[in-house]
Each structure stands twice: as C-alpha cells, then as structure tokens.
Amino acid sequence: MVEKVIAKWNCSGRVVEGPTNPMVTPLLTDLYQFTMAYAYWKANKHQERAVFDLYFRKNPFGGEYTVFAGLEECIRLIANFKFTEDEISFIREILPGSCEDGFFDYLRGLDCSEVEVYAIAEGSVVFPKVPLLRIEGPIAVAQLLETPLVNLVNFASLVATNAARHRFVAGKSKQLLEFGLRRAQGPDGGISASKYCYLGGFDATSRKVIWTVLSMLLAVVRHINLYLPTYAFFFHSNVAAGKLFGIPLRGTHSHAFVSSYMSPDEIIDKSLQSADGSSSCEDFVILVQTWINKFQLSNSLRGIFGETNQSELAAFTSYALAFPISFLALVDTYDVMRSGIPNFCAVALALNDLGYKAVGIRLDSGDLAYLSCEARKFFSAVEKEFGVPGFGKTGITASNDLNEETLDALNKQGHEVDSYGIGTYLVTCYAQAALGCVFKLVEINNQPRIKLSEDVSKVSIPCKKRSYRLYGREGYPLVDIMTGGNEPSPKVGERILCRHPFNESKRAYVVPQKVEELLKCYWPGSSDEPREDLPPLKDIRDRCIKQLERMRPDHMRRLNPTPYKVSVSAKLYDFIHFLWLNEAPVGELQ
C-alpha cells in the first residue's frame with residue numbers, strides 16, 4: 001500500500017524520505033493507541049472516516065505568538081508509515097493474549113494511503129486554537145499517528161519560538177550562534193535544536209567541542225612537524241547538523257585549548273605562508289612577539305597591561321598557525337584586558353602582516369557589557385596607533401549562559417558585542433518545558449464531535465474547519481478566523497463578523513484588505529487534492545523571518561504583549577454552542 005503512494009511521488013520526482021531520526025517509527029507512540037486501535041478493529045469501526053485537529057492552547061514563554069515547526073518530519077513519518085514484521089511481533093507480545101490474529105494481519109497491511117494531511121506552512125507565525133494540522137483518514141490509523149505527530153511538532157515549535165524571541169531581543173544586526181549541544185536533552189535534542197533554532201532566526205550553529213578537538217589535533221600535527229596544507233583545516237563545526245540540514249556552521253576553541261599550552265617553546269613548526277602565497281614567514285612566533293613589544297613601547301597602550309600570559313600567547317599563536325583565515329580567540333582564560341586582548345591583537349596583527357584578517361574574540365565570563373566596550377576601545381587604539389584600517393571593528397562575540405533577559409540587560413547597559421553564542425537557555429527551553437500541543441477528534445463519519453470540560457480553555461472546536469488570516473490596511477494581520485468546512489470563504493472588502501469561540505461579548509466586524517487561507521494539503525493520500533511541496537530549510541527560515549516582520553509590534557514585545565485575536569464565524573459560533581448544549585448532560589436538583 002505505502003509502496004504505491006511512494007511510487008506515485010517517485011513518478012513525479014517527489015520522493016519523500018524517511019524521518020531524520022531513525023527512532024521515529026510507527027512504534028513511537030503510546031500503548032493506549034494500540035489498545036484503542038484493537039478496540040476499533042474488534043468493533044469493526046477501524047475504517048470509519050475521522051477528522052482530528054492538532055493545535056495548542058496557549059502561547060509559550062508568556063508571549064502572544066508561536067512559530068510552527070516540525071511539519072516536514074510529520075510528512076516524512078506519514079509517507080513511510082509501515083510496520084515491520086519485527087515490530088508486529090513486539091506488538092503481539094505487549095498486547096493481551098486474547099487479541100485475535102486478524103488484528104496483526106490488519107497492522108501488517110496498514111499505511112497512510114487513505115490519510116489526508118492539511119497543515120499551515122512550516123515557519124508560519126501561529127496562534128492558540130487554530131489547527132496546525134488537520135488529519136483525515138480511517139480512525140484507527142489516525143489514532144496511531146497522534147503521539148508521534150504531537151511529539152514532532154511540540155519541541156520543534158517550542159525551540160523555534162524560543163529562537164525567534166531571542167532574535168527579537170538581540171535585533172536584526174547581531175549574529176546569533178546556537179551553542180547548545182553539550183547541554184541539550186540528548187543527541188536528538190541537540191540535533192533538533194540546531195535545526196529549529198536556525199529556522200527561528202539564528203544564523204548558525206557552533207560546536208565548540210568538535211572545534212577544540214580539531215584544533216588540538218592540528219596542533220599535534222604541527223608539533224611533530226608533519227606538513228599538511230593550512231587550507232585543508234578551514235573547518236567550522238557541528239558536522240552532524242550541517243550535513244543533515246545544510247545549516248551554516250561556526251567554530252571556536254575552549255579554555256582547555258588555551259590552558260593546554262605552557263610556553264611558545266612548544267610550537268615546533270613556526271612557518272606560515274602569506275595569504276596570497278607569494279611569501280612565507282619562517283618564524284611566526286617571533287613576528288607575534290615583535291607586536292607584543294610594540295604594544296609595550298606604545299604611549300597609548302602602555303598603561304593597560306604589563307607582561308601578558310605567555311602560555312595563552314602560545315595557544316593563540318598555535319591556533320592562528322592552524323587557522324589563519326578564521327582566527328577567533330577565547331580571551332578570558334586568565335585576564336581579559338591584561339592578557340587576552342593584547343595577546344589576541346599581537347597575533348591578529350602578525351596575521352595582518354601576512355595578508356590575513358582575524359575574525360575576532362569571544363568573551364565567556366565577566367561583565368560582558370563593560371569588557372566588550374573596553375575591548376572595542378583597545379581595538380580602536382590599535383587601529384589609530386599602527387594604522388591598521390578596520391581593526392577597530394574587529395568582531396566581538398559574547399557567550400556565558402545568555403538568555404532573553406541578559407540580552408535585554410546588555411541592550412540597556414550599552415555594549416559593543418557583535419555576535420552572541422547562546423546555549424543552555426535556548427535549546428532546553430529553560431523558561432518553559434513544553435508547548436502543550438493536543439490532538440482532538442472533531443468529526444467522525446461526517447458527524448461533528450466536541451470535547452467538553454469545566455475548564456473552557458479545554459473545550460474543543462468541533463467539525464472539519466477552514467482557517468483564514470485577515471489583514472488590515474497597513475498590511476498587518478488583524479485576526480485569524482475559523483469557519484465550517486462548507487461555509488463560503490471570507491472575501492476582501494466584505495464585512496465579516498468575527499466572534500470569540502466561547503465569550504459571547506467578544507466580537508468585532510472586520511473588513512479585510514487581504515485574505516489568506518492557512519490550511520493547505522501536504523499529503524493527499526488517495527484523493528486528487530494538489531499537494532504542496534516541502535520547501536528546503538532555508539526557505540522555511542526566510543518565511544519565518546518575513547512573517548515575524550509582518551506582525552504588529554505590540555503583539556511581539558516582551559512585556560505585556562497585546563493578545564492576537566483568534567475567532568470563529570458567526571455560523572460556527574452558533575453551532576459550537578448548539579452542540580455544547582446538546583452533548584452536556586442536564587443536572588437535576590433534589
């Protein structure tokens with residue numbers, strides 16, 4: 001069955017590959033999905049046509065918007081949903097022995113060829129209650145899809161939203177690097193976070209561990225005087241995320257690399273060819289020391305430092321010999337202003353003599369605002385004193401457990417940071433553990449269904465729906481509106497009554513200047529619906545950035561953001577409350 005579906009896409013050149021994570025299989029689900037599937041099958045109800053909505057109830061991080069992510073992985077799962085014999089044997093073991101053999105034969109032939117998936121485009125800004133995905137298909141297979149789909153959307157959307165919020169606070173001009181692998185919740189948490197942080201607006205991922213190991217290996221190679229061309233080691237790190245998703249990669253080194261050196265005498269191969277290849281410096285170590293001596297004789301720099309740490313200078317020199325075209329130094333191992341910055345500048349100017357341009361420094365501790373400003377003053381003084389054009393604009397990267405609050409504080413204090421490396425608080429979503437997506441049955445056999453609760457926020461919106469975004473004169477989205485599946489679409493210039501789903505007093509007329517239908521078909525199953533293509537990650541990222549830029553500023557602000565309006569049509573409002581009254585039991589007072 002599933003082979004036929006894949007062959008169909010293969011004929012048109014649109015093969016859907018399997019999930020990125022090989023652990024995402026039909027077994028990635030809760031046991032009760034299998035017990036329900038068996039009960040459906042036993043009652044001969046498993047083929048009944050059902051409609052489920054996947055949505056969330058509240059925006060995360062105290063904000064008023066969410067970035068939708070994870071759709072591609074959902075489609076990859078659906079396109080390749082097929083039980084293996086080994087998986088069926090395991091299901092037989094965990095279910096009661098009374099389960100009939102016919103059920104396992106049913107699982108053996110099960111796929112998603114009869115399932116249809118409608119979704120909002122990945123990278124879109126989304127809001128509570130509006131379906132992110134609508135799943136239509138036989139109820140048993142749709143139920144088996146619930147847990148993995150919720151899993152694939154929950155973390156992805158949470159991390160993408162967290163990244164977008166950090167980008168908003170940092171501003172468009174700053175470079176944001178994801179530093180989170182070592183603190184992420186396991187390998188998949190690290191890989192997924194890299195992908196969805198990039199989607200949410202980060203510029204690159206940085207894997208300091210891999211970068212430091214490569215640096216040390218190259219230093220050993222040079223120590224034993226084994227010739228290898230320098231350009232062969234122009235690496236950036238996180239090989240895994242870069243290979244899987246094409247994310248730009250950046251690298252640096254750790255404190256361990258700096259403290260692994262004792263003195264410049266450890267550097268054996270001291271030669272470095274010029275950037276254009278026309279000449280060679282036979283002793284780069286002496287060239288670096290010459291610049292240290294110049295600093296100490298300089299009137300403008302003399303009072304800032306005395307003797308710098310020579311082991312740190314050796315580490316920087318060795319690192320520059322390994323990576324002359326991408327030299328970025330971690331300057332806070334010993335003392336930033338008395339050692340790290342002067343040592344970096346000496347190595348950077350020695351590289352400059354040979355036609356290279358250093359990338360910059362990284363600050364990983366201390367008063368980041370103050371140190372960045374002092375480092376900038378030092379760079380500017382060097383530029384003025386020695387006539388090195390552009391040196392005053394040398395890049396400054398800051399890390400050290402940064403989050404939204406620290407970025408905001410740095411902005412208020414004033415700083416000279418160009419790039420931020422953000423890890424723990426970003427990839428672990430420290431401020432909120434989960435998004436809280438749910439998967440609710442809204443229709444079966446063309447009959448609308450509703451889930452009731454004493455908590456109104458948990459009441460579902462019944463029936464198969466269509467969703468639209470209405471825009472105002474200034475180009476900002478005004479409101480998202482859900483309508484019944486058979487209602488006519490809202491039209492530009494037409495006055496539309498938008499109602500809060502559950503509060504009768506909240507309502508407003510809207511005359512939209514633009515109407516955008518949100519749900520598109522991404523998996524048509526056996527239907528003839530035209531299918532949307534899955535765009536590359538960079539295009540999804542571009543969509544996310546553009547969508548965020550189109551939002552009204554008061555919806556985006558960190559403190560007291562204005563809630564975005566989510567509504568239903570007047571007809572759907574009436575139907576919700578009719579069904580609510582019809583399904584709710586009537587009490588009796590004694």
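**Helices and domains in a predicted model**

On helix α4, the face turned away from the buried side carries two exposed residues, D86 and E93. Exposed means over 50% relative accessible area, buried under 20%, and partly exposed in between, with a 1.4 Å probe and protein chains only. This is a predicted model: local features need pLDDT of at least 70, side-chain atom pairs count only at pLDDT 80 or more, and totals for chains, interfaces and linings use all residues. Residues are numbered from 1 along each chain as its sequence is written, and side-chain values use heavy atoms, leaving out hydrogens and water.

Now the other face. Helix α4 spans residues 85-94, and E87, I88 and I91 are buried there. These three sit on the same side of α4 because they cover an arc of only 100 degrees around the axis. The arc is taken from the directions from the helix axis to the C-beta atoms. An α-helix has 3.6 residues a turn, so residues three or four places apart point the same way. The buried residues of α4 pack against α2 (31-42) and α5 (101-108). Contact here means heavy atoms within 4.5 Å.

Helix α3 (residues 71-79) is largely enclosed by the rest of the structure, because 9 of its 9 residues are buried.

Next, a helix pair. Two packed helices are described by the angle between their axes and the distance between the axes. Helix α13 (residues 336-353) packs on helix α14 (residues 368-386) at an angle of about 40 degrees, with the axes 11 Å apart. That angle makes α13 oblique to α14. Angles under 35 degrees count as roughly parallel, over 145 as roughly antiparallel, 65 to 115 as roughly perpendicular, and the rest as oblique. Axes are lines fitted to C-alpha atoms, for helices over the stretch in contact, and angles run from 0 to 180 degrees between N-to-C directions. From α13, residues including V336, F344 and L349 meet residues of α14, among them L371, F378 and V382.

UniProt, in an unreviewed entry, places "domain: Nicotinate phosphoribosyltransferase N-terminal" at residues 27-154. That span is 43% helix and 17% strand, and its end C-alpha atoms lie 18 Å apart. Helices (H or I, at least four residues) and strands (E, at least two) are DSSP runs, numbered from the N terminus. The UniProt annotation "domain: Nicotinate phosphoribosyltransferase C-terminal", also from an unreviewed entry, covers residues 464-575. Residues 464-575 are 21% helix and 32% strand.

Finally, the whole protein. It has 19 helices and 23 strands. Of its 590 residues, 55% count as buried.

Methods: UniProt positions renumbered as here; feature names shortened; annotations may be inferred.
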